[in-house]
Amino acid sequence: MAATVIINRLIGENATITACAITSGSARFGTQDTNTSPCATRIPSSGSNYSYWLTTQLNCTAAPDNSLTNIKWYSDGTNSFGTGLQAVVCPASAYASAVGTAGSSGCILNVTNHTGLTGAPSIFTTYTSGNKLTVAGSIAATTGSFGYRVVMQLQVESTATPGNSGEETFTWEWDES
Amino acid sequence: MYWVAHYNDGSQLSQLKPDGSRNNYNDIDRQNLNAFVLCRDNGSVLAAVDFSPDNLIDPDIGPKRLIWRKRHSANSNGQQLHIQLAGWQRRVKGRNIQSILYINEETEAIVLGGQWLENAPMMHSIVPLECETDLI
């Protein structure tokens with residue numbers, strides 16, 4: 001039987017991480033560490049506010065015969081969130097629960113606030129099908145979460161407009177043997 | 001879809017065993033490979049890669065080395081794509097060159113690809129396995 005892999009969103013405190021499978025339209029940026037209908041990120045009068053960072057990871061639910069390797073992540077290359085909205089992304093070797101002020105702003109995603117990041121986050125549109133983000137890690141013939149996490153955050157500028165943002169689609173890729 | 005490795009002595013190793021269990025890609029005797037065949041679930045042949053000895057006597061051209069993977073993608077909208085990679089890599093004048101079939105599992109569309117390019121959406125390199133150390 002071929003391996004089965006799902007995309008999980010990770011929420012919760014470090015000791016009690018909850019994995020929520022991402023299906024169409026079910027992952028939202030907000031200012032709560034929750035997978036459904038989180039508090040909105042407040043539009044600042046000046047400067048930037050941030051969503052709580054959003055952590056995703058692959059989870060193998062039916063094992064491959066041999067391994068899953070060569071993990072990649074990418075966007076469609078176009079920012080469709082809307083005016084005054086931008087997202088950044090970075091792999092992380094470890095999980096860190098998202099923090100901030102609910103209903104206002106999350107803590108900025110950087111290596112100081114999230115010590116598991118592999119470096120400074122990049123604008124998400126940097127990574128496309130022709131320039132994929134390489135995500136470290138693999139899994140052998142077993143089940144479970146595998147590979148580094150991919151962490152994203154939405155940045156909200158004063159020029160943003162109230163209401164739901166546009167939607168974006170992110171893609172994971174991996175090789176099975 | 002499953003693979004069948006055909007050997008030079010006429011024997012073969014099928015990914016699917018008669019009892020429903022599976023042989024591992026690692027179990028393929030890569031030194032004695034004659035053909036690598038991808039079959040549909042009903043047993044009919046979808047594609048095959050030739051590995052019969054080419055008897056090249058050129059020190060600058062190495063033997064063909066099997067490459068097989070299933071390349072999956074899944075997006076946040078729940079859409080998935082599954083591509084089988086089947087082909088070979090060989091060293092020519094110190095460079096690795098590839099010839100790989102890319103087979104869409106759903107549509108059975110087949111594309112023959114050449115040299116891997118790291119910025120190619122689909123036709124980019126694999127991570128070699130332990131049984132593939134001769135690919136490095």
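How much area is buried between chain A and chain B, and what percentage of it do carbon and sulfur atoms give? The area buried between the two chains is about 2,200 Å², and carbon and sulfur atoms give 44% of it. Buried area here is the accessible area (1.4 Å probe) that two parts lose on being put together, summed over both. This is a predicted model, in which local features need pLDDT of at least 70 and side-chain atom pairs count only at pLDDT 80 or more, while totals for chains, interfaces and linings use all residues. Residues are numbered from 1 along each chain as its sequence is written, chains are lettered from A in the order in which they are written, and side-chain values use heavy atoms, with hydrogens and water left out.

**Interface of chain A and chain B**

- The contact (heavy atoms within 4.5 Å) takes 27 residues from chain A and 25 residues from chain B.
- Three salt bridges are counted between the chains, a salt bridge being a side-chain nitrogen of Lys or Arg within 4 Å of a carboxyl oxygen of Asp or Glu.
- B:Arg22 forms a salt bridge with A:Asp65, with the closest N and O atoms 2.6 Å apart.

**Strand pairing across the interface**

- Strands are DSSP runs (E, at least two residues), numbered from the N terminus, and two of them pair if DSSP finds at least two bridges between them.
- Strand β12(A) runs antiparallel to strand β5 (residues 65–75) of chain B, and six bridges join them.
- Within this pairing, A:Thr171 stands opposite B:Asn75 in β5(B).

**Strand β1 of chain B and its partners**

- Five of the six residues of β1(B) (residues 2–7) are buried, so this strand is largely enclosed by the rest of the structure; buried means under 20% relative accessible area (1.4 Å probe, protein chains only).
- β1(B) is joined to strand β3 (residues 33–39) of chain B by six bridges, and the two run antiparallel.
- β1(B) also pairs in the antiparallel sense with strand β2 (residues 12–14) of chain B, over three bridges.
- B:Ala5 stands opposite B:Phe36 in β3(B) and opposite B:Leu13 in β2(B).
- The hairpin of β1(B) and β2(B) has four residues between the strands, and in this hairpin B:Gly10 takes a positive phi near 95°.

Methods: Buried means under 20% relative accessible area, exposed over 50%, partly exposed in between (1.4 Å probe, protein chains only).
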